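Hello,

Here is the structure we talked about. Please open it and have a look, then read my notes below.

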Amino acid sequence: MEPSYAPLSESCAKALGDKVYEKRKLASQEIENHITRQPLTFQDSDKYVQGLVTPIMTCLSDPDLRVRYFACESLYNVVKVARSAIIPFFPELFAALSRLVTDSDQMVKDGSELLDRLLKDIVTESSQTFNLQGFIPLLREHIYVKDAFARQYVISWISILNAVPDINMVNYLTEILDGLFVMLEDNTPEIQRMCETTISQFLKSIRNDSSSVRMEDTINTLITHAQSPNELIKSIAITWIREFVQIFGPNVLPYASGIFTAILPCLEYNVESKRSIKECAVSVNNSMMLLVSTKELKTQTESKIDLRSIMDVLSQYLTHNSMHTKIAVLKWIHHLFTNFPTEMSVHASNLNNNLLSTLADNSDEVVLQSLSVLAEIVNSQDSRELNDFNKSHYRKFLLSLLNLFSEEKLMLENRASLIIRKLCVLLNAEYIYRTFAEIITEEVPNLKFASTVVRLLNIILLTSTELFELRTSLRNISNEKSADLFQCLYKSWAHCPVSTLSLCLLAQSYQHVSRLVTLFADVEITLELLTELDKLVQLIESPIFAPLRLTLVSKANNCADAQYLAHALFGILMLLPQTEAFDTLRNRLQCVPNYWGHDPIDERNSLEYKSGIDFDALEQHFIKLQKAHREQRIVHRKRSVITPESN
């Protein structure tokens, strides 16, 4: 039986382990001569690979740098001869090289690089026998290294393998994509470039054939890195998300909440360096909205979209600092209510408070968009015919709005007019005014606040183009529906004397106006009231009250309306101090012909009489409400004397 060290001689085998260098050198020369006489062929190499590689691998970790270097050199020679026979030992070689590329000695590094290049050539040419599935866990283990040289080593292997036609790295993209994004944070420009190029290669492969990628797992990784503070990482991640939305269509909808979390904050970017990120985020947002609204995909959409998680995210970003982000959120909420009114109904109550708070936003565009959403919610909650005006949702919403006005004085002063006008367009002006009037009459204990709101509603009614149809309706109180609306408004308008006059002038209730003017003798004439009368005179001169001015020269109804109106206007003139408004109204009344007044007026000929409205009851209501205002002012003055308000 041959000795274990055959075909070497016994003396040679002993000399290899001798402490004396010269003896070891002589033994190595003997081995070299033996090999030269009987060369090892490629066909024979696989028999000896394990015996050769194992001891050399041990030497790669030797503390002596010369040992490590010569081990690299020896391993290179073995690999060069063994070629594909080395593949079974690839995991061990890969792990060893990942350490050697970070070696402190440059010679060892250089040796490892030569070995690495050779190994890559062999793996490339042996791709069909290369165990990629077994290699991926090892690659995933090393992909989170911190050392720059080790990172460069790992990226180079991913890039090489991805370039091999017979190897489909996309199958394992989920295992390594997170690590690639992490490495993008490296401060070394070369590593960033290599990493970015490799990621781009993967995306190109997915564009060409998306069947291999596990979209469900990959998109979660993209969503995570799209929220990175690193601009490069964020940009690449959102670019991938855009591609995934275009490639996979409705299949990305289950991840909509995560996508919104990633893209919505990017909509605020204004600096040039982030411009491409914002444009990409806008593109993703538009594509997602198109997916939700496409009729052909409606069935797929309903089964895939998770409205609860989406609404959680949208509600969170509803209070974002960025105007653009808030507008995008509001458009999404409106879009969802439009496309899924039944499914979204459960979210309506939770949204109302958040949406109301946005009405105080500094941006008019945000306010208008929020109102569009609120109107859509109200409409979606009750789509029944509004014949009897049984709209509890209107009342609940408008009551909340009035409470907000009461709490936020600046909002009442600066935004209330815009909000009310917009609501009258989005919903129904008559229902809006009816509901406001009922709430003020029944649920507003603060009389001063009620008067302020009535004053606001009145000026909008008389001046806004959005209220043209409502004004037209109120001018015809002989119509039963219009008469009912007039009486509803009157009960709350009575909180403000001048607004009541304005409403009655609009409704052509001139006889009642002439009676109300005489009641002003008992109304406290304040600077505020005189200012309102001044504005009323200006309104009388405006195009809106052209029918009123023409009534002064009309002989219709046996001149009854003309004479009542003239009497009312003269009464208003007497209330005014001799200011510019006084001169304006006096000049107007001087143009009135005097061909009536000689015969008694038959009130049955007036428009007011034909309406069938009980104006006596309305007058008593006006007197009662003004008395309550007077008493509340007295109480307030007493309190202010006892406890003066601090500055």
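**The second largest pocket**

The residues that line the second largest pocket divide into five nonpolar, nine polar and eight charged. Please keep in mind that this is a predicted model.

The lining has 22 residues in total. Which of them lie nearest the centre of the pocket? They are Lys448, Ser451, Glu528, His629 and Arg633. Helix 36 gives the most, with eight residues. The volume of this pocket is about 630 Å³.

**The whole chain**

How many helices and strands does the chain have? The count is 36 helices and zero strands. The radius of gyration is 43 Å, while the globule rule gives 26 Å for 647 residues, so the chain is more spread out than a compact globule. Along the principal axes, the C-alpha atoms fill a box of roughly 150 × 60 × 35 Å.

Now for contacts and surface. Take the contacts in the chain with a separation of 6 or more: 72% of them are between residues 24 or more positions apart. Of the 647 residues, 48% are buried. Buried here means under 20% relative accessible area. The accessible surface of the chain is about 32,400 Å². Carbon and sulfur atoms account for 50% of that surface.

Best wishes

How values were computed
Residues are numbered from 1 along each chain as its sequence is written. This is a predicted model: local features need pLDDT of at least 70, side-chain atom pairs count only at pLDDT 80 or more; totals for chains, interfaces and linings use all residues. Side-chain values use heavy atoms; hydrogens and water are left out. On a 1 Å grid over the protein atoms alone, a cavity is a set of points where a 1.4 Å probe fits but cannot get out, and a pocket is an open set with protein on both sides within 12 Å along at least five of seven lines; lining residues have an atom within 4 Å of a point. Grid points are joined across faces, edges and corners, and a volume is the space filled by probe spheres set on the points. Helices (H or I, at least four residues) and strands (E, at least two) are DSSP runs, numbered from the N terminus. Ala, Val, Leu, Ile, Met, Phe, Trp, Tyr, Cys and Pro count as nonpolar, Asp, Glu, Lys and Arg as charged, and the others, Gly among them, as polar. The radius of gyration is taken over C-alpha atoms; the globule rule is 2.2 Å times the number of residues to the power 0.38. Buried means under 20% relative accessible area, exposed over 50%, partly exposed in between (1.4 Å probe, protein chains only). Contact means heavy atoms within 4.5 Å. Accessible areas come from the Shrake-Rupley method with a 1.4 Å probe; for residues, only the protein chains shown count as cover.
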